Amino acid sequence: MTTIRIDGREWPTRPGINLLQACLEAGANLPYFCWHPELGSVGACRQCAVRQFSGPDDRTGRLVMACMTPVSDGAIIAIEDAQARAFREGVIEWMMVNHPHDCPVCEEGGECHLQDMTVMTGHNQRRYRFTKRTHRNQDLGPFVKHEMNRCIACYRCVRFYRDYAGGDDLAAFASHDSVYFGRAEDGALQNAFSGNLVEICPTGVFTDKPFSGVYTRKWDLRGAPSVCVHCAVGCNIIVNAREESVRRIVNRYNAAVNRYMLCDRGRFGHGFVNADSRIRMPMRSIDGHPAPVPTRDAVMQFARMAADGPVVGIASPRASMETCFSLRALVGEARFSTGQTQVEQACGQLACTLLRQHPGVIPSLHEMESADGVLVLGEDVCATAPRLGLSLRQSVRQPSFPMADAAKVPRWMDAAVRTIGCDAPSGLFILTPAPTDLDPVAAQCFRAVPDDIARIGFAIAHRIDPSAPTVTDLTDEQVRLVEHAAATLLAAKKPLVVSGMQYGSPALMRAAAAIASALARTIPASGLSLVLPECNSMGLALLGGLTLEAVMAQARAGKIATLVIAENDLTRRLSPAAVVELLEAVPNIVIIDHTDTPPCRDATLVLPAAAFSECSGTLVSQEGRAQRFFQAVYPPQPIRAGWRWMQALARAQGCVNVQAAARIQATGLTTWQGLDDVIAALGRACPILAGMVDAAPGADYRIDGQKLRSQTYRASGRTVIRSHISVRDQPPPGSPDTPFSSSMEGAYTPDMPPSLVPGYQVPSWNSVQSLNRFQHEIGGDMRGGISGVRLFPAPDATDHPTHPCATDIPAAFARAEDSVLVLPDTRLFGSEELSMLSPPVAARATPPTLRVPTGAAGPAHMTLHLPDGAHTLPVEPLAGLPDGVVLCPSHMVSPAFMFPCMARITPAGEAT
Amino acid sequence: MTPLPLAPIVLTPLVVLALATVLTWVERRLLGLWQDRYGPNRVGPGGMFQAVADGIKLLFKQDWVPPFADRGVFVLAPAIGMMTVLLSFAVIPLAAGGIAGGLNVGLLFILAMMGLGVYAVVLAGWASDSKYALLGGMRAAAQMISYEVFMALSLLGVVMVAGSFSLRDIVAAQSGLWFIIPQGLGFVVFLLAGIAETHRLPFDLPEGENELGAGFHTEYSGMKFGMFFIAEYAGIVLVSALATTLYLGGGNGLLLPAPVWFALKTGVIVAFFILLRAGLPRPRYDQLMGLGWKVLLPLSLLNVLATGTVMMLRAS
Amino acid sequence: MLDTLRTLLLTFLHGFHRRATVQYPEQQPYLPPRYRGRIILSRDPDGGERCVACNLCAVACPVDCISLQKTERDGRWYPDYFRINFSRCIFCGFCEEACPTYAIQLTPDFEMGEYARPNLVYEKEDLLISGTGKYPGYSFHHVAGVPIPGKDRGASEHERAPIDLHSLLP
């Protein structure tokens, strides 16, 4: 074991890290700026100086930068050394020479790393009497606010933005005192991860712009651990709220999933919970007009409806497991629909089956970062699962590490490793119909329609494992690609195949699974990852149910008296004609949702459900990881969690319908007391989901006999914040479904389970950098264990199933003369339903355009004749798009997700 | 059978109650005077109506009985306290007569009433079912029963000299020399015992607020508390009137009519009671009991002995 | 024994001393300017609100009786609402000590009795005065480096004009 001596005390540590990490892991307070666990060391800020001695007899020693010095066994260093302290204080003083006197009006104040470090070094008196340099700021778009005066030139921002996230529109300008970090000109930061600058910047240069509009100091924010609902990756987040409104989203470290970074959609997409589009009262249709009614009336209304005849439930992939399951308990398994179309459900179920049968590994995002051969098969991950795309971007660096090792450069020595690896070959292959953001770092990109990509995929599988079926009629270029990709994957230690259901193509996913399982025969670490569209798509695939088409058929046959729709906007899945037909065929429509969707206008009854920030529940991510989100906001009374509405409806129904009452009784729906009861019942009903119980500790979890506090110990305004309503003190709201107290009273420790961490703060470390204290090893697991639970068990290595459905190779795409193949143009901002209700995300969404191959570009506007009608759109030529294909933004033009399809396209204004 | 003196029967309790009420204000003004303050001086001229304001406040307070209390006894206790004090006044020869000033065992009657007064405090403490009240009640019982002994013994001297238990006779016996001269020692013992009997400062251990909340009446509020309060002040008046009667010659005096003399003398003793409160700290409980049994008991016995000896010598 | 009597004598003699009580409503006591009474919010010399909604008073308050919400107009931070519950306030003055802009100040006025507790909840309109209070000359925005209307970037005290990034000079 490696030990080092810090200030005369022995500390166990581990080789391969630098002294700064070792000191921080030992719990020492050593200031630093430019080092970041994910960005490595560059030694730019000179802040982490310590005195190192060459041996026990060395009394002189020398000052070294801890972040640039590798740990060696028996190293002797002194942090609390007078010379080192003076050095560090001097460095801070130089930084503060130009730092403005504006902490009171700085959004970083109170969670500022620079404030913490200044206090830590002891610099408290300004001696410099001359003028400060100033800078003009830029407008960096709706997400990030810029204030360059505060910059201390640690270079973290450009290192993250350019080196880590692959952005190219943020750079360092000018020199010495004048150094400036910004864009060449004003404009929105284009990278999908620009929001992380807020957490990366150690001071207030980059701050959260939407948060500034509803600004609250960190100490006043109530925190709740939560899970992002804007895609299926399942990034861990902390929801910060005050005065019963969500103020911001920050990253919650999960060593296996999102680690230190979130995408902008997740960070800024929460605005829908505070939006005007929220449903806040039960609404009942009276003479065709929705009118607010008391909860009791609404529930009794449902009881009367339920007496009319069969009740069918439609769940949603954006609703929590608990809501979906309680709906199933309410209506019965035979009348429960997943709320997905045939295509979507088939793809989801297929993805679930393929992943569960995969003999290799299903890698987490962190494991993907160390994949050294990656094949992306027909999925623009940067739009559908942005955080996964960022992990793939890191995987490209893998080949440079052996080179750095050979040159004896430690891997954390970031600038040096990047320089050494600048010519290293990339192991990333991207086969998609349209360009993706990862193209610049890929070894090879190939543009083709989904069916052709699937054929290439099967060909690669055959090339790796000759027992797989062959694909004939490939072009020479395709054959070369197959050879190259297969060779790279076979040479890799951790190959990875990524695909997904963006293009609604089961063949793509089958091809990906075929490659991955072929690789698994020789490389056990062969990974398969399939991207699903929504936050609980995988959970719903595990739960199962009818498709929307089956519900339509029942409705047409007049077998449905009442339809209960939970958190599902049917207009995004069914064509307008189908929606009208369904609404007319069913006499009673009950919609339980948090957001006012178009079908709510025609619903008989609309009930206000709690959004993810207002209730607790579980989501299953695309890798089969069940993760719990917790309540951060205590909404006013009629708003309640989806499953509590189901329970209310079941109780009302039980009063009038004895038969239904007996059936519901058997499910236990009416007897559930809290969330834990729902999860336990869910585990009994669906054994595959039984592991969900362990996603997070239950509501009775206590630390030292105490609940956990969700506010900071220094939350302000307790006796006044409500006094304009009533001057009497109110008890803090109860949170029966969670182990949290809603106040500042309760336990909080760095050892708490990571699924219950409401925020990061330790004494002397008020910024997000305090996270270091919550980790066993920096960048490793949290001290309290891991967050969430994987539902798919690790595969049995000896078990090699035959290639699932491997014979199903599609035919090559043939261009039709009179029509084009319309593919969905999934966009980071615009395609996802809820984030578009968030003003900053809506501001970043560009208007829909029809993207056509460069050769086909003619008139400025063209009309696309889709089954639901003609849509005229501006045309945007896109280089690399295969002939005969156009890209149409999904959900922005035609609300329903019905691509790919063949459609006619004509110049705008021309008669059809 | 003499006809009942209706006027004194109606008037005496009214006068006593009025006196006790005014005394609450007088006490606060005097305490203020001796502590360089003003005391209540806002309600009415010089704050005279403060007592009325307090009375109104007490009357309108919620008449609350703690749910854990023994309700019947809880209500009875303050009534006992009030009754015993008022009954004692029946035998005080306020002027020449009084209600039953001629009662030949008047002094014994007063002692009996004072003995009964213990019940008020003990029962209040017990019925409240609260630890502070109970402790207060226990202290009061021990203290009052003990000091009753010395009080009775100290009075024995007066009775021996006057040769009667009738207060009117005792007053008459002092037409020459007030008994304070021959019975000085008895007077001191009687005053100390009187303070303890009425549990006034500095001997107010049963309600020592810094250790027992408010002692036996912790749980009382509203007019039931008011009755204890008034009974305490009526008790002061009673003890003062008794001291006047027994030692200061009652209404005897030059020039002025007897009731005025009586009021003046009583007033001085009342003022002295208040001065004690203004000036002295509260002793410890064991010091209080020690003082009683180790000092006052021998002193009062000595007084009886000496008085008896002198009388025997005179008689012989 | 004699001590007791002496005590009584001395106490009695106090009856002839002058009384220390100030007869308050008729006789107004002198309150020094730094007396800690009713809290006010002051304004800059240029008439703008001094409070920049930094929340430091709220967090310094030991009884948590201050609450506010930040908003922004023309780059200047303001409190959207600023509420003090005087039925909780203990007049400790920590808020004044914490305030970086001299906005929140305690004044020599304590006569704020009310018959209804809700009347002791003061909003920004009730707290804001039109003057500068105890600190006449100070303007936070001329010390801090943020530009406000009428003061461009680089025009605060101890500031240079903004860097011209296009200059090639070192």
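1. Arg42(B) and Glu26(C) form a salt bridge, with their closest N and O atoms 2.8 Å apart; the term denotes a side-chain nitrogen of Lys or Arg within 4 Å of a carboxyl oxygen of Asp or Glu. The count between chain C and chain B is one salt bridge.

2. On the basis of the note: this is a predicted model, in which local features need pLDDT of at least 70 and side-chain atom pairs count only at pLDDT 80 or more, while totals for chains, interfaces and linings use all residues. Residues are numbered from 1 along each chain as its sequence is written, chains are lettered from A in the order in which they are written, and side-chain values use heavy atoms, with hydrogens and water left out.

3. Between chain C and chain B, 16 residues of chain C are in contact with 14 residues of chain B (contact means heavy atoms within 4.5 Å). The buried area here is about 1,400 Å², with carbon and sulfur atoms giving 57%; buried area is the accessible area (1.4 Å probe) that two parts lose on being put together, summed over both.

4. Seven residue pairs, both members at pLDDT 80 or more, are in polar contact between chain C and chain B. Such a contact is a pair of N or O atoms within 3.5 Å; within protein, one must be able to donate a hydrogen and the other to accept it, and residues adjacent in sequence count only if both atoms are side-chain atoms.

5. Between chain C and chain A, the contact involves 45 residues from chain C and 51 residues from chain A. The two chains bury about 3,800 Å², 51% of this from carbon and sulfur atoms. Asp64(C), Arg153(C) and Arg160(C) supply 18% of the area that chain C buries against chain A, more than any other three residues.

6. Seven salt bridges are found across the interface of chain C and chain A. In one salt bridge the side chains of Glu147(A) and Arg153(C) meet at 3.1 Å, N to O. Polar contacts between chain C and chain A number 29 residue pairs, both residues at pLDDT 80 or more.

7. On the side of chain C that touches chain A, helix H2 (56-60) and strands E2 (66-73), E3 (76-85) and E6 (159-162) each supply at least two residues. Helices (H or I, at least four residues) and strands (E, at least two) are DSSP runs, numbered from the N terminus. E2(C) gives the most, with six residues.

8. Strand E6 (residues 132-134) of chain A is joined to E6(C) by two bridges, and the strands run parallel; strands pair if DSSP finds at least two bridges between them. Lys132(A) has Glu159(C) as its bridge partner in E6(C).
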